[in-house]
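The sequence and the three-dimensional structure are shown first, and a description by topic follows.

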Amino acid sequence: MKRLFSILAITGMMVFGTANASTIATTTTATTVATTIQAEEEPAAEESLGFHQELKKRFIEGGPEFMGIVLLCLILGLAIAIERIIFLNLSTTNTKKLTQNVEDALASGGVEAAKEVCRNTKGPIASIFYQGLDRTDEGIEAAEKAVVAYGGVQMGQLEKNVSWISLFIALAPMLGFMGTVIGMIQAFDKIEAAGDMQPSLVAGGIKVALLTTVFGLVVAIILQIFYNYIIAKIDSIVNDMEDASITLMDLLIRNKK
């Protein structure tokens, strides 16, 4: 539930920032229109637009229908990606230090002392250690089964909601391509209605079509970078979990002897 609230909070912050950006873009557009007469006298002033102003201008020219949906994909994808990155960073554990503490606790205070060390340590590896130590009274095989089973549960927690990011990565460029197709259809409709092939009739529709494709690809690229980082982080934690599980089994075998 806390993760759901965190995702909603991040999404709300990003939507609020987007609304502010849209307001600024509208103000910028109005200012540009008001200074058209001065721009005619000073043509070089049009070239002074910064990257952000140019981006806002192109976003508005792309149309609210598909550009808004593509932007929503970016906001939701980034919200989930940021939540996952925070969760994975909090799930990272110093495996060597934890293993050494558990080994010292087993040698000095037995299984209960080792379980107390795991209770006071955050992360999936400590949780797996606790489940294995909790089944030591039933034998090594029971402890090993508990470690394997709970390891699968922890892996599912690490991979939670990651599939939504891959969905937005695939959805954003497809929406852009759909906007491109619709823009081309509108351009040809204008040609058919006019009965003449004039560049001015189709230029606007083609430009809108290309802008939706560009923004869809940009969103997919941004989310793909976050997605690859998250997958790499999950693989690293899973490898640590597997190594730590083997080490725990060795500790339990030595402790039984």
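## A salt bridge between buried residues

Arginine 84 and glutamate 83 form a salt bridge, in which the closest N and O atoms are 3.0 Å apart. Both arginine 84 and glutamate 83 are buried. The model discussed here is predicted, and the structure holds 5 salt bridges.

## Overall architecture

The secondary structure of the chain consists of 10 helices and 0 strands. Read from the N terminus on, the elements run α-α-α-α-α-α-α-α-α-α. Of the 257 residues in the chain, 34% are buried.

Contacts also show how the chain is folded back on itself in sequence terms. Among contacts between residues at least 6 apart in sequence, 80% join residues at least 24 apart. The accessible surface of the chain comes to about 15,300 Å², and 64% of this surface belongs to carbon and sulfur atoms.

Which residue forms a salt bridge with glutamate 112? The partner is lysine 115, and the closest N and O atoms of this pair are 3.6 Å apart. Both residues lie in helix α6, which covers residues 111–119. Lysine 115 and glutamate 112 are 3 residues apart, about one turn of the helix. An α-helix has 3.6 residues a turn, so residues three or four places apart point the same way. Lysine 115 has a relative accessibility of 8% and therefore counts as buried, the cut-off being under 20%.

Lysine 115 also meets the side chain of aspartate 134 in a salt bridge, at 2.9 Å from N to O. This pair links distant parts of the chain, since aspartate 134 is in helix α7 and lysine 115 is in helix α6, 19 residues apart. Aspartate 134 is partly exposed, with a relative accessible area of 31%. Salt bridges that share partners join Glu112, Lys115, Asp134 and Arg135 into one network. Aspartate 134 can also be compared in position with valine 111: the two are 23 residues apart in sequence, and their C-alpha atoms are 8.1 Å apart in space.

Glutamine 154 lies in helix α8, which covers residues 140–158. At 12% relative accessibility, glutamine 154 counts as buried. Leaving aside residues up to four places away in sequence, glutamine 154 touches Pro124, Ser127, Ile128 and Met241.

Threonine 212 lies in helix α10. With a relative accessible area of 2%, threonine 212 is buried. A polar atom of the threonine 212 side chain lies 3.2 Å from the backbone oxygen of glycine 176.

Which residues make the nonpolar surface patch of about 400 Å²? The patch is made by Phe177, Leu217, Ile221 and Ile225. Helix α10, which covers residues 199–256, gives the most to this patch, with 3 residues. Phenylalanine 177 has its place in helix α9, which covers residues 162–194. At 44% relative accessibility, phenylalanine 177 counts as partly exposed.

## Cysteines and disulfides

A disulfide is a covalent bond between the sulfur atoms of two cysteines. How many disulfides does a search of the whole structure find? The search finds 0 disulfides.

Cysteine 73 counts as buried, at 4% relative accessibility. Cysteine 118 is buried too, with a relative accessible area of 3%.

Note on methods: Residues numbered from 1 in each chain as written. Predicted model: local features only at pLDDT ≥ 70, side-chain atom pairs only at ≥ 80, totals over all residues. Heavy atoms only, no water. Patch = residues over 30% accessible without salt bridge, like charges linked within 9 Å, V, L, I, M, F, W, Y side chains within 5 Å. Areas by Shrake-Rupley, 256 points an atom, 1.4 Å probe, with all protein chains shown as cover. Salt bridge = Lys/Arg side-chain N within 4 Å of Asp/Glu carboxyl O. Helix = DSSP H or I, 4+ residues; strand = E, 2+ residues; numbered from the N terminus. Buried < 20%, exposed > 50% of the residue type's maximum accessible area, 1.4 Å probe, protein only. Disulfide = S-S within 2.5 Å. Contact = heavy atoms within 4.5 Å. Polar contact = N/O pair within 3.5 Å; in protein donor to acceptor, adjacent residues only side chain to side chain.
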